[in-house]
Structures are given as C-alpha cells and as structure tokens.
Amino acid sequence: LYFSPPAVGDIFAPAKYCDEETRKGIRYPKTRACTEARVSCPDPENIVGTIVRYCNCQTAKWDPADTTNCTHKWIAEMRSAIQRGDPAEQISTRMAADLGSTLNRQLYGGDITGSVTLGNDVLQLARTQYAALTDRNERQTRATNFTESFGSSGDYLLSPKALPVWEELSTLMRIDHASTLMSSLEQSAILLADYTIDKQKKLQYKNWGEWL
C-alpha cells in the first residue's frame, strides 16, 4: 500500500481554535482544537462541579457542553437524608419541591443523573420502612404521600422543559438513566398498590404513567 505524505501546508498550518463564547451565562475561553475547556459550574453557592466542553478537531467549533458533573447541593443533602434513614415520604416530598424549583431556574445533567439515583435509593428505603409498619392506615397514608411526591419528581424529570438537558447526556447514559427512572416510577406505583386499602385510589401525572 502507498500513502501519500501530507502536504507541507498541512504540517505547518496554524493551529485552529474555538472562539471564546458565552452561553447560558457561562464563559468558555478560547480553546485549541482537539482539547477541552473546563469551567466551574455557575452559582457556586448552590451548585458544585465542573463543566467540560470540547473544541472539535475537525471543525474547530464547540461541541455541546457536558454538564453531567454540575449538581445542585440539595442532591447531596437528600443523599445524607437517605443514609440517615429519614422517613422516605419526607425525603420524596423535599426532593420533588427542590426538583421543581431547580427546573424553573436551571437544570443540569448532574441533577438528572443524581435525581434518578436518589429516586431508586429512596424507593428501596420506602419499601423497608413501610414493610416494618403494623398499622395499615399509617402504612397506606405514608405510601400514598410517598408515591404522590415521587411521581411528581418523575413528572418534572420527564417534562418538555427537561428534555434539552437529557439530550446533553451521552446516548448510553441517557438510555440507562431513562430506563432506571421509568422502572422506579413503575415500582412506586406497585408499592402503593401493595399497601393501599382503598383500591379506587387514583393518581394522575402529566408526563408519565396513566390513571392508577
């Protein structure tokens, strides 16, 4: 096989750069092609992590920013609550409120992945806590409160407003977390069915599920 050598002009061509850009209030510095820029996530009082954005080798244009490492601090607070064994319905209610508030401001990839992981863990906590209850009415009340708020979190995560953030995730990450989320939502409905006395109990959400 014969390969022609690169043209002299290609060897000595000037380096390509992505221009400095400000997007969604975040400034990305001028960056050489084939390298990445790392900038702190905005609002450090409420958000931790680093945004990574790659300068494309071929086009010297910015690829979409990777925000999967940007996470609101309430995610860690909910993680601590789960580890302490706080009542699952209280965690779920707080999580839904924080997620709704975050969605109205700015949701990041790390908020999605963190929320999905939290949801799976708090669901397991709920099953453990409710299985230990002997009062059927208390068990139904707590399971209902949990499932309602858990479903609200799912509604927020699957809302049209959250879709652009899902699209920032890699394909494998998006499929994995979407599958986990849907499974958790289905399991939360099963939990309510297991512990409810009122078989006519109905829940309705805009973005997932049907009347239960």
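Guide: Helices of at least four residues and strands of at least two are taken from DSSP runs and numbered from the N terminus. The model before us is predicted.

Visitor: How many helices and strands are there in the protein chain?

Guide: Counted in that way, the runs in the protein chain are of two kinds. There are seven helices and eight strands.

Visitor: What percentage of the residues in the protein chain is buried?

Guide: A residue is called buried when its relative accessible area is under 20%. The protein chain has 212 residues, and the buried share of them is 42%.

Visitor: How many residues of the lining of the largest pocket are charged?

Guide: The lining of the largest pocket includes seven nonpolar residues and two polar ones. The charged residues of this lining number four.

Visitor: What span does helix α7 reach from its first C-alpha to its last?

Guide: Helix α7 runs over residues 171-195 and has 25 residues. At 1.5 Å a residue, the expected value is 36 Å, and the span of α7 is close to it, at 36 Å.

Visitor: Which elements are included in what covers the buried residues of α7?

Guide: The buried residues of α7 are H177, L181, S184, L185, S188, A189, L191, L192 and Y195. What covers them includes α4 (109-131), α5 (136-157) and α6 (163-166).

Visitor: Which element gives the most to the lining of the largest cavity?

Guide: The whole structure holds one cavity of 30 Å³ or more, and about 60 Å³ of space lies in the largest cavity. Its lining includes S115, F150, L181, S184 and L185. The elements giving two or more residues to this lining are α4, α5 and α7. With four residues, the element that gives the most is α5.

Visitor: How many residues of the lining of the largest cavity are nonpolar?

Guide: Among the residues of this lining, five are polar and no residue is charged. The nonpolar residues number six.

Conventions
Residues are numbered from 1 along each chain as its sequence is written. This is a predicted model: local features need pLDDT of at least 70, side-chain atom pairs count only at pLDDT 80 or more; totals for chains, interfaces and linings use all residues. Side-chain values use heavy atoms; hydrogens and water are left out. Ala, Val, Leu, Ile, Met, Phe, Trp, Tyr, Cys and Pro count as nonpolar, Asp, Glu, Lys and Arg as charged, and the others, Gly among them, as polar. The expected span of a helix is 1.5 Å times one less than its number of residues. Buried means under 20% relative accessible area, exposed over 50%, partly exposed in between (1.4 Å probe, protein chains only). Contact means heavy atoms within 4.5 Å. On a 1 Å grid over the protein atoms alone, a cavity is a set of points where a 1.4 Å probe fits but cannot get out, and a pocket is an open set with protein on both sides within 12 Å along at least five of seven lines; lining residues have an atom within 4 Å of a point. Grid points are joined across faces, edges and corners, and a volume is the space filled by probe spheres set on the points.
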